[in-house]
Amino acid sequence: MKKMKSLIALLAALVLCFSCVNALACTAIYVGGGLTETGDSFFARSEDYSNSYSKLFYVSPAGNHKAGDAYKGCYGFNYVFEKDSYSYTAFRDDNGEAQGNICPDCGGDHTHTPYEAGGTNEMGVSMSATETLYSSNAALKELDPYVKNGGIEEAEITTVILSQAASAKEGVELLLNIYDTYGCYDGAGIFIGDDKEIWYIENLSGTQYVAVKLNDNLAFAVPNQSVIGLIDLDDTENVIASPKLIEIAKAAGTYVGDEAANTIDYMASYECGSGASSRMVSALNYFNPAAPKTAEEYTAADYVISNVSADGAIVPFYSNIQLPNTYTIADIVGYFQIPGIGKGGNTEIHIFQIGKADAATDTVEWVGMNNGTCTPFVPYYPMLTLDTYAAYKTSLPAVGFSQEQPAEGIYYPGKGYAPTEDGNWARVDGYKVLPANWQDSFYWTCNALSNLMDYGNLTDDQKAAVNDKIAALQQICYAAYDQMKADVAAAENTDAAAQTATAISMQTAQQVHEELIALVNSIK
């Protein structure tokens with residue numbers, strides 16, 4: 001039975017491997033509170049991997065991991081929990097009963113938490129992990145290789161940090177201590193924040209990293225590119241860097257900076273420059289719609305962040321991005337709908353809206369599933385959320401594959417693996433088939449809508465009607481947040497506030513889900 005499970009997992013992984021749409025093309029955003037209408041800061045990320053790769057959204061209960069428990073990750077990282085875990089919201093890969101309890105991240109059925117992508121714990125620590133980063137420099141890879149046997153991988157970061165960190169700073173210190181002790185399995189950009197401070201961390205090699213504390217008058221985008229530019233490491237209040245950051249870059253021959261001034265251009269020294277990607281161009285043009293540019297017209301100075309002024313002085317972190325208006329949640333939602341960023345390869349999108357009132361209502365988590373253009377974002381007060389709507393947690397079978405066009409159901413063209421006459425497997429054209437009971441899952445409902453929009457025979461009028469409906473449902477979500485804010489403020493105590501917040505989020509998610517099902521059924 002175990003061998004059969006492993007075979008099924010392998011075949012599923014192969015199908016996904018060859019059906020990825022912009023695999024790992026995640027895109028994040030940060031907008032500080034000084035640039036927003038409410039004074040709240042936002043950080044958010046689309047988790048991108050593959051079309052039809054199911055995600056669950058749920059609450060991990062307090063004590064799910066006990067002090068002394070050994071966490072054994074997918075890729076060799078082992079960690080012993082120092083205390084009972086906090087409760088936290090999380091997105092994770094679907095390894096439920098309908099998937100045979102197989103982890104879709106590694107194909108194993110060993111006991112572990114599959115990849116959790118982001119969430120907020122009961123102490124108010126929010127994080128998004130991770131935005132995959134890359135460096136192709138051979139000298140850096142040789143001098144400071146990724147730790148492929150025991151280094152922490154992105155699949156494990158959220159689980160460990162949200163389980164253990166009582167503050168954003170504590171989460172940063174824990175993560176960097178893990179980097180120092182175990183090393184990194186791969187490159188990443190990570191946000192960790194609370195109502196006191198928000199940090200952004202990048203690593204592009206096995207043991208070297210930079211963490212920067214973000215300020216309120218700053219905006220930037222992270223589409224799988226390093227964005228930490230010239231930094232002064234003497235700014236110890238706002239910068240934490242690995243001790244050998246300059247030394248390793250010098251040895252690799254990639255160092256850009258002034259060693260005497262203790263500065264380093266991190267992106268130039270470790271990513272070694274790749275220019276503005278198409279998604280960076282989309283993001284920058286969204287920030288500045290009045291004067292859009294091409295990739296060739298943008299330089300690193302247009303999108304990196306720095307704490308060094310033109311005359312070499314330490315200053316608060318800044319970028320050269322100037323927003324055209326004071327941002328609201330609608331602007332952040334709109335960011336995940338622009339071409340190249342909102343797409344069928346989105347698996348889920350999490351938006352964290354963080355205030356400074358030191359209250360359980362400081363953090364709002366806006367939850368979107370699958371394609372950013374086909375999902376309304378439902379509001380949650382994560383520190384008060386006792387549970388999530390059932391359809392967020394429903395495990396369904398993985399997307400199927402058929403060489404013949406199905407007679408019914410929802411499907412779209414794609415490649416998959418099929419057996420050959422000689423007993424081998426070959427990649428062939430065919431159709432990806434959604435689970436028959438797609439409507440039971442919030443993720444699969446959004447995925448059905450996304451694929452009908454991308455591959456169905458819809459007229460322009462029908463597509464416009466779908467877009468109008470998504471916009472109308474988003475207004476329902478905004479209204480639900482206003483109601484939740486008022487009703488929670490009027491609650492008699494914390495328990496009543498938690499019950500109220502949970503009920504409103506559940507009711508809103510259910511209403512949105514039911515209307516999305518009706519929308520899919522009207523156009524399929």
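Biologist: How many cavities of 30 Å³ or more does the structure hold?

Modeller: Two. Keep in mind that this is a predicted model.

Biologist: What is the volume of the largest cavity?

Modeller: The largest cavity has a volume of about 40 Å³.

Biologist: Now a helix. Which residues of α5 are buried?

Modeller: Start with the cut-off: buried means under 20% relative accessible area. Helix α5 spans residues 245-252, and its buried residues are Leu245, Ile246, Ile248, Ala249 and Ala252.

Biologist: Where on the helix do the buried residues of α5 fall?

Modeller: Look down the axis. The buried residues of α5 fall within an arc of 165°, so they line one face of the helix.

Biologist: What covers the buried residues of α5?

Modeller: Both helices and strands take part. The cover includes the helices α2 (138-143) and α6 (266-271). It also includes the strands β11 (209-214), β14 (239-241) and β15 (263-265).

Biologist: Let me try a single residue. Where does Thr347 lie?

Modeller: Thr347 is part of strand β18, which covers residues 346-354.

Biologist: Does Thr347 count as buried or exposed?

Modeller: Compare its value with the cut-off. Thr347 has 0% relative accessibility, so it counts as buried.

Biologist: Which residues is Thr347 in contact with, leaving aside its neighbours within four places in sequence?

Modeller: Glu47, Asp48, Tyr49, Ser50, Tyr53, Lys55, Met369, Asn370 and Tyr443. Note Glu47 and Lys55 in that list. These residues form a salt bridge with each other, and their closest N and O atoms are 2.5 Å apart. Both Glu47 and Lys55 are buried.

Biologist: How many salt bridges does a search of the whole structure find?

Modeller: The search finds 14. To read one, check the atom distance, then the exposure of each partner. Take Lys169 and Glu173, whose closest N and O atoms are 4.0 Å apart.

Biologist: Why are Lys169 and Glu173 separated by about one helical turn?

Modeller: Because they sit four residues apart in helix α4, residues 168-182.

Biologist: And what is the exposure of Lys169 and of Glu173?

Modeller: Lys169 is partly exposed, with a relative accessible area of 31%. Glu173 is also partly exposed, at 44%.

Biologist: Which side chain meets that of Asp195 in a salt bridge?

Modeller: The side chain of Lys196, at 3.2 Å from N to O. Check each partner in turn. Asp195 has 16% relative accessibility, so it counts as buried. Exposed means over 50%. Lys196 has 58%, so it counts as exposed.

Biologist: Which residues do salt bridges that share partners join into one network?

Modeller: Glu47, Lys55 and Asp93.

Note on methods
Residues numbered from 1 in each chain as written. Predicted model: local features only at pLDDT ≥ 70, side-chain atom pairs only at ≥ 80, totals over all residues. Heavy atoms only, no water. Buried < 20%, exposed > 50% of the residue type's maximum accessible area, 1.4 Å probe, protein only. Helix = DSSP H or I, 4+ residues; strand = E, 2+ residues; numbered from the N terminus. Arc of directions from axis to C-beta. Contact = heavy atoms within 4.5 Å. 1 Å grid on protein atoms, 1.4 Å probe; cavity = no way out; pocket = protein on both sides within 12 Å on 5 of 7 lines; lining within 4 Å. Points joined across faces, edges and corners; volume = space filled by probe spheres on them.
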